[in-house]
Amino acid sequence: MILGAHMSTAGGLEQAILRGADVGCDCIQIFVKNNMQWFGKPYTPTELSAWNLEVASGKVQIIFGHTGYLINLGAPEGDNRQKSIRSLKQEIELSTQLGLPFLVMHPGAHLKQGEEVGIRQVISGLNEVFNETVSPTRIALEITAGQGTSLGAKIEHLAAIFDGVKQSDRLGVCLDTAHLFAAGFDIRTPEGWDKVLTKLDSLIGLSSLLGIHLNDSKVELGSHVDRHDHIGKGKIGIEPFRHIVNDSRLVGIPGSLETPKSKDCHEDRENLRLLRDLIK
């Protein structure tokens, strides 16, 4: 597994690479625009030049993105759904400019329409977005904690989306250890972790796994609450991460922290040290 963390682009896109390299990241995750706004400004030639220079430096091995939190393709018809579709299209365009292999996206929330209706909405939205964009950047559907009406707490939800999307080769999957645990998957044992990957392989295919978020959980197993904690400080504990980071099926897969941190990112440095100490 290739280890790293989510990094801020404050002060310039390329700063995320520099910050990541400074704390020892071999991969980083970024937002391609403000994650709490629908739309971002187009990149300037100067911004792209500075970005490309740092990418070419090889300071980190893999860089991928995460979509903004406002996007909800599972929403009922209306202004927010249309904004979600337009926002995702722009994020794909921006990611293409940055050369990102994939964008992690929460499947969405059905907002009391019911899971089946919500999944149909997600499929419809992705079909529309893919029909109107051309890009090598894939959308990695993230497993969720299932908080509220969020879709994606079951691997079956992701499989249904794969089955319904016409250009499913443009999709992938991102697992999240905290989300899996909160969704009820007991990944604290090697057997429990193996069940997750076995089910993913049988329903979608393990080749669809593009990335993993490595987070401990502040909440109990099956709580359906999304609260990340530092490695070894939460309800998962540090030992389960040993069989995760040493899983031979995950060779070459980026594993990114999404844990709380201060401005100097020293927490990332410590979490990465803990994870690397577990590697055989």
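Ile-155, Glu-156 and Ala-159 of H5 meet Val-196, Lys-199, Leu-200 and Leu-203 of H7, where contact means heavy atoms within 4.5 Å. By class, this contact has 5 nonpolar, no polar and 2 charged residues; Ala, Val, Leu, Ile, Met, Phe, Trp, Tyr, Cys and Pro count as nonpolar, Asp, Glu, Lys and Arg as charged, and the others, Gly among them, as polar.

The model is predicted: local features need pLDDT of at least 70 and side-chain atom pairs pLDDT 80 or more, while totals for chains, interfaces and linings use all residues. Residues are numbered from 1 along each chain as its sequence is written, and side-chain values use heavy atoms, with hydrogens and water left out.

**Exercise 1.** Determine how H5 and H7 are oriented to each other.

*Solution.* Step 1: locate H5 at residues 155-164 and H7 at residues 190-203. Helices are DSSP runs (H or I, at least four residues), numbered from the N terminus. Step 2: their axes come within 10 Å and cross at roughly 20 degrees. Axes are lines fitted to C-alpha atoms over the stretch in contact, and angles run from 0 to 180 degrees between N-to-C directions. Step 3: H5 and H7 are therefore roughly parallel, the term for angles under 35 degrees.

**Exercise 2.** Describe the packing of H4 against H5.

*Solution.* Step 1: H4 covers residues 115-131, and its axis lies 9 Å from that of H5 at an angle of about 45 degrees. Step 3: on the H4 side, the residues in contact are Glu-115, Ile-119, Val-122, Ile-123, Leu-126 and Asn-127; on the H5 side, they are His-157, Ala-160, Ile-161 and Gly-164. Step 4: sorted by class, they give 6 nonpolar, 3 polar and 1 charged.

**Exercise 3.** Characterise the largest pocket by volume and lining.

*Solution.* Step 1: on a 1 Å grid over the protein atoms alone, a pocket is an open set of points where a 1.4 Å probe fits, with protein on both sides within 12 Å along at least five of seven lines. Step 2: its volume, the space filled by probe spheres set on the points, is about 360 Å³. Step 3: the lining (residues with an atom within 4 Å of a point) has 19 residues, with Tyr-69, Ile-71, His-106, Gly-108 and Ser-150 nearest the centre. Step 4: the lining divides into 11 polar, 6 nonpolar and 2 charged residues.

Note on methods
Helix = DSSP H or I, 4+ residues; strand = E, 2+ residues; numbered from the N terminus. Parallel < 35°, antiparallel > 145°, perpendicular 65-115°, else oblique.
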